Each structure stands twice: as structure tokens, then as C-alpha cells.
Amino acid sequence: MKKITILAIILLTACSEPMTKEEALAQLASQPEYNSYFYAPMEIGRTVLSGDDHKESNEFIKSHYGPLTSQGLVEVELRGKNSWRTVIFVSLSPKGEQMSDPRRADSTHCYVAVCRLKPVAVDSLVAKGDSTLCLYTIEQSELTPFGIHLGFKDKTQYHLQTMLKN
């Protein structure tokens, strides 16, 4: 009997499925920047008050720093006063320093934790080779007292884009 050998060559093509919005959202949510607080600059140090702010310096301090001082995050010290100006000095308390990034601070600004930014929706995906262009929405959440002081609002949304690996 004659033996017949058939050689079959099979070409396998890597066929990756397009990334789904759920997979993209999970990949975004796992990135370090969305698992820590967002920091923003806040003015500290010497501030000179004049005009109405000078005349009502206690009211100025209360209205601008009251919630932060009552929570023990900021200290405001009166450094000098005369007939036309008041000098105050604003600094973080030890408790406030725990919510700051000292690597980026200088004598006039500190960087304080203001909120978390969380990806909440994937708006669109466009496959580009072994990557996917992802347009997505993030939202501010978990506002800190510093975030409220600096004017951040809960649930404010921003639209961003990034490249994700398939």
C-alpha cells in the first residue's frame, strides 16, 4: 500500500477583538492617576490686605480661610497692621501638611489634595493598530476641604483622550 503524506500549512492570523467600552473603562480605572488624589496649587505665605479687606481683616480671614482653620488644616497669623494695610501669613498646619505634596511646594504655594478624578464613561473608541484611541469622561468626586476652598465642584466632568493598548 502506498502511503500518502499530506502536508498542510495553516496560516494563523492573530485576530484580536476590538476593545469594548467596558474593557476600556476598566483599563482606565486601573491607572494610578485615578487611584489617588488630584493636587492643585494654593497660595500660602505673606498676604497684604488693603482697602476694605484691610478695614475688615477679621472678616476677610473668616470668609477666605474660616472652614480650613476650623478644621485645623490652615493657620493664619496676623503679622502687622497700620492705618492702610494688614499683613497676614497663611501656612498649612501639620494636619494640612499631611494633605499636601511637599515636593512641589515653595514659599508662596503649596499643592494640596482637592479631589479624586474618576473615569465614568467611555465616549468612543477608534482602533489604531495594536492600540485604541479612547475618548472618555472623568468626574470630580470625594472633594476635600481644600477642594471646596479652591472652588472645585462635585461631579464636574471633563473630556479627555488617550491611547490604550489592546
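I will start with D101, which is buried, with a relative accessible area of 7%. Buried here means under 20% relative accessible area, exposed means over 50%, and partly exposed is in between, with a 1.4 Å probe and protein chains only. D101 sits in the loop between helix 4 and strand 5 (109–128). Not counting residues up to four places away in sequence, D101 touches Y39 and Y111, where contact means heavy atoms within 4.5 Å.

Before going on, the ground rules. This is a predicted model, in which local features need pLDDT of at least 70 and side-chain atom pairs count only at pLDDT 80 or more, while totals for chains, interfaces and linings use all residues. Residues are numbered from 1 along each chain as its sequence is written, and side-chain values use heavy atoms, with hydrogens and water left out.

Now the chain as a whole. It has five helices and seven strands. Both are DSSP runs numbered from the N terminus: helices are H or I with at least four residues, strands are E with at least two. From the N terminus on, the order is α-β-β-α-α-β-β-α-β-β-α-β. Of the 166 residues, 31% count as buried. Among contacts between residues at least 6 apart in sequence, 63% join residues at least 24 apart. The accessible surface comes to about 11,200 Å², and 55% of that belongs to carbon and sulfur atoms; the areas come from the Shrake-Rupley method with a 1.4 Å probe, and for residues only the protein chains shown count as cover.

Next, the aromatic rings. How many aromatic pairs does the structure hold? There are two aromatic pairs. One of them is Y34 with Y136, edge-to-face, at 6.4 Å centre to centre and 90° between the planes. For the cut-offs, rings of Phe, Tyr and Trp (its six-membered ring) pair if their centres lie within 6.5 Å; planes under 30 degrees apart are stacked, over 60 edge-to-face, and the rest tilted. This pair links distant parts of the chain: Y34 is in the loop between helix 1 (21–29) and strand 1 (37–43), Y136 is in strand 6 (residues 131–141), and they are 102 residues apart. Y34 and Y136 are both buried.

Two arginines also go with rings. The charged end of R79 sits over the ring of F89, 4.1 Å from its centre. R104 lies over the face of Y111, at 4.1 Å from the ring centre. A charge sits over a ring if NZ of Lys or CZ of Arg is within 6 Å of the ring centre and within 35 degrees of the ring normal.

On to S93, in the loop between strand 4 (85–92) and helix 4 (94–97). S93 counts as buried because its relative accessibility is 5%. Leaving aside neighbours within four places in sequence, S93 is in contact with G72, L73, V74 and E75. A polar atom of the S93 side chain lies 2.4 Å from the backbone oxygen of G72.

What about the cysteines? A search of the whole structure finds zero disulfides, a disulfide being a pair of cysteine sulfur atoms within 2.5 Å. C115 counts as buried, at 0% relative accessibility, and C134 is buried at 0% as well. C134 lies in strand 6. The C-alpha atoms of C134 and D123, eleven residues apart along the chain, are separated by 7.6 Å.

Last, the backbone. Most residues other than glycine have a negative phi. Which way does phi of E142 go, positive or negative? Phi of E142 is near 50°, a positive value in a residue other than glycine. E142 is found in the loop between strand 6 and helix 5 (145–149), and counts as partly exposed because its relative accessibility is 42%. K155 is not a glycine either, and has a positive phi of about 70°. K155 lies in the loop between helix 5 and strand 7 (157–165). At 54% relative accessibility, K155 counts as exposed.

Methods
Polar contact = N/O pair within 3.5 Å; in protein donor to acceptor, adjacent residues only side chain to side chain.
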